[in-house]
Amino acid sequence: MKVSSGIPVITLDGPSGSGKGTIAQLTARALGWNILDSGALYRLTALSAERQSVDLADEGAVAKVAETLDVRFEAGTPGQPVSVILMGDDVTLEIRTETCGAMASRVAAYPLVRAALLQRQRDFQSAPGLVADGRDMGTVVFPDAQCKIFMTASAEVRARRRYDQLKQQGESVKISHLLKEIKERDERDTNRSNAPLRPADDAVVLDTSDFSVDEVLEKVLQIWSSRQS
């Protein structure tokens with residue numbers, strides 16, 4: 001399938017906690033572009049399936065949920081996440097829980113679910129440009145993107161970031177538990193047979209472990225700028 005439309009795309013792929021969600025929002029804001037949080041679609045599929053009492057082990061049934069998602073995204077104020085509305089219900093915080101993330105990782109391994117969401121993700125490509133955040137944006141969804149970046153960080157750093165984020169939300173968590181979940185999710189995502197987590201052959205790998213958010217944003221914008229020369 002031809003996916004090129006002449007509209008520029010920056011893909012930001014990487015494991016959970018690498019910072020790609022935050023950087024995607026800041027990059028999109030800096031450039032005045034649209035944003036795709038592909039992970040939200042998988043989290044929404046898992047949450048919607050659970051709410052409809054669909055067995056997450058039933059790939060076909062979960063794929064039907066993905067095909068019929070009643071969802072919309074509403075832009076938030078600067079510094080705030082995009083609001084996610086599922087069947088009229090604001091689930092922005094609910095889909096960011098560790099439980100929902102684990103369910104999303106599980107359903108994302110299903111080829112039928114990924115196929116159901118593929119075109120839906122590509123439809124986000126619109127003028128003036130798109131910043132696409134996910135795990136297979138550069139390898140599968142937008143293989144001809146002009147700029148592909150694979151963001152990573154050590155599991156320990158990613159666990160600490162998630163810990164700080166959840167503490168700010170008032171949740172009681174243990175870093176040891178988060179580290180275990182992150183490693184397990186990495187294992188599932190990198191070893192699944194369909195669209196495994198990996199850098200695209202032409203992606204720039206960016207380790208964010210030792211950089212601030214502002215420093216990472218600067219590097220991403222520099223990488224994009226270099227693609228224009």
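## Terms and the model

Contact, as the word is used in this report, means that heavy atoms lie within 4.5 Å of each other, and in that sense helix H9 (residues 213-228) lies across the strands S1, S7 and S8, running at about 155° to S7. The structure described here is a predicted model.

Strands of a sheet pair through backbone hydrogen bonds, either parallel or antiparallel. In this model, an open sheet of five strands shows parallel pairing, with the strands in the order S2-S6-S1-S7-S8. Strand S2 (34-37) and strand S8 (204-207) form the edges of this sheet, and each of them pairs on one side only. On average, neighbouring strands of the sheet are turned by 20° against each other, when direction is ignored.

Within this sheet, strand S1 (residues 9-13) and strand S7 (residues 147-152) run parallel and are joined by four bridges; Asp13 stands opposite Phe150 in S7.

## Helix H1 on the five-stranded sheet

Helix H1 (residues 20-31) lies across S1, S2, strand S6 (130-134) and S7, and its direction runs at about 180° to that of S6. At 1.5 Å a residue, the twelve residues of H1 should span 16 Å, and this agrees with the model, where the end C-alpha atoms of the helix are 16 Å apart.

Which residues of H1 are buried? They are Lys20, Ile23, Ala24, Thr27 and Ala28, and, seen down the axis of H1, these buried residues fall within an arc of 130°, so they line one face of the helix. The buried residues of H1 pack against S1, S2, S6 and S7, and also against H9. After H1 comes Gly32, which has a positive phi, near 75°.

## The three-stranded sheet

A further open sheet is formed by three strands in the order S3-S4-S5, and here the pairing is antiparallel. Its edge strands are strand S3 (71-74) and strand S5 (89-90), each of which pairs on one side only. S3 pairs with strand S4 (residues 83-86) in the antiparallel sense over four bridges; along this pair, Arg72 stands opposite Ile85 in S4, while the bridge partner of Glu74 in S4 is Ser83.

On the S5 side, two bridges join S4 to S5, and these strands run antiparallel, with Ile85 standing opposite Asp90 in S5. S4 and S5 form a hairpin with two residues between them, and Met87, which is in the turn, has a positive phi of about 50°. Helix H2 (residues 38-51) packs on this sheet, where it touches S3, S4 and S5, and its direction makes about 35° with that of S4.

## The nonpolar cores

The largest nonpolar core has 35 residues, and those with the most contacts inside it are Leu44, Ile95, Val113 and Phe142. At least two residues of this core are supplied by each of H2, helix H3 (59-67), S4, helix H4 (98-107), helix H5 (111-122), S6 and helix H6 (137-141), and H2 gives the most, with seven residues.

What does Leu44 touch, not counting residues up to four places away in sequence? Its contacts are Leu69, Val71, Phe73, Val84, Leu86, Val91 and Ile95.

Methods:
Residues numbered from 1 in each chain as written. Predicted model: local features only at pLDDT ≥ 70, side-chain atom pairs only at ≥ 80, totals over all residues. Heavy atoms only, no water. Pairing = 2+ DSSP bridges. Axes fitted to C-alpha atoms, helices over the stretch in contact; angles between N-to-C directions. Expected span 1.5 Å × (residues − 1). Buried < 20%, exposed > 50% of the residue type's maximum accessible area, 1.4 Å probe, protein only. Arc of directions from axis to C-beta. Core = buried A, V, L, I, M, F, W, Y, C linked by side-chain atoms within 4.5 Å.
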